[in-house]
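Here are my notes on this model, as numbered points. Please read them with the structure open.

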Amino acid sequence: MWYSVCRVIGLVVAVLILFLCCISVVIGVGVIERVRIYLEDAWEFYRRGREELLRGLEKGYVYEVRDGAEKLWNAVVQATNALILHLLGLVPASHWEWRRKLMELEGRFEEVGKLGLCDRYCARERHLRGMTFYEGIVDEDLLRYEVQKVERYLRDVEDLIRRLR
């Protein structure tokens with residue numbers, strides 16, 4: 001009994017700490033600056049991930065391909081953080097919440113809906129994170145295509161941030 005109560009209390013405390021950290025990041029740095037940092041990080045992860053993935057494909061180094069795919073996936077996450085923070089003023093704490101917030105944005109902003117960002121986010125998550133990084137499935141043609149998809153996602157998010165408020 002006490003063990004269960006302690007686990008629940010521990011979980012609640014962890015969620016509160018995560019929430020307070022997100023709030024302090026936003027308040028401490030400022031939303032505009034934080035959005036800029038997220039976008040900068042997204043492009044840096046994209047560059048490094050692209051380079052690592054393509055080099056791994058060229059040399060047949062599966063672990064390098066998998067690490068590159070994870071970096072490309074993180075580029076999508078960072079760009080998504082920037083967009084959600086810019087439009088909703090918060091940073092999601094989980095992949096479930098990222099998907100829910102993208103759905104919310106698609107409902108609130110026609111431009112976001114037209115771009116299908118939630119579907120694109122989920123596709124990158126499945127192909128880069130799930131299949132390639134975790135499952136070790138290396139489909140060279142798909143991965144080369146994914147590199148282009150990630151770049152397009154980042155450009156679309158940047159464009160939305162410039163145009164929407």
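1. A disulfide here is a pair of cysteine sulfur atoms within 2.5 Å. By that rule, a search of the whole structure finds zero disulfides. The sulfur of Cys118 has its closest cysteine sulfur in Cys122, 4.4 Å away, which is too far for a bond. Cys122 is likewise in no disulfide.

2. Some ground rules. This is a predicted model: local features need pLDDT of at least 70, side-chain atom pairs count only at pLDDT 80 or more, and totals for chains, interfaces and linings use all residues. Residues are numbered from 1 along each chain as its sequence is written, and side-chain values use heavy atoms, with hydrogens and water left out.

3. Cys118 is buried, at 8% relative accessible area. Cys122 is partly exposed, at 28%.

4. Next, helix α3. Helices are DSSP runs of H or I, at least four residues, numbered from the N terminus. α3 covers residues 62-88. It has 27 residues and reaches 38 Å from its first C-alpha to its last, close to the 39 Å expected at 1.5 Å a residue. The expected span is 1.5 Å times one less than the number of residues. Of the 27 residues in α3, 22 are buried, so the helix is mostly covered. Gly89 follows α3 and has a positive phi, near 75°.

5. The largest nonpolar core has 41 residues. Such a core is a set of buried Ala, Val, Leu, Ile, Met, Phe, Trp, Tyr and Cys residues joined through side-chain atoms within 4.5 Å. Leu83, Tyr153 and Leu154 touch the most other members. At least two residues of this core come from each of α2 (31-59), α3, α4 (95-108), α6 (117-134) and α7 (140-163). The largest share, 14 residues, comes from α3.

6. What does Leu154 touch? Contact means heavy atoms within 4.5 Å. Not counting residues up to four places away in sequence, Leu154 touches Ala42, Trp43, Tyr46, Ala75, Val76 and Ala79.

7. Asn81 deserves a look. Asn81 is found in α3 and is buried, with a relative accessible area of 4%. Its side chain and that of Trp98 are joined by a polar contact of 2.6 Å. A polar contact is a pair of N or O atoms within 3.5 Å; within protein, one must be able to donate a hydrogen and the other to accept it, and residues adjacent in sequence count only if both atoms are side-chain atoms. Beyond four places in sequence, Asn81 touches Tyr38, Val91, Pro92 and Trp98.

Note on methods. Buried means under 20% relative accessible area, exposed over 50%, partly exposed in between (1.4 Å probe, protein chains only).
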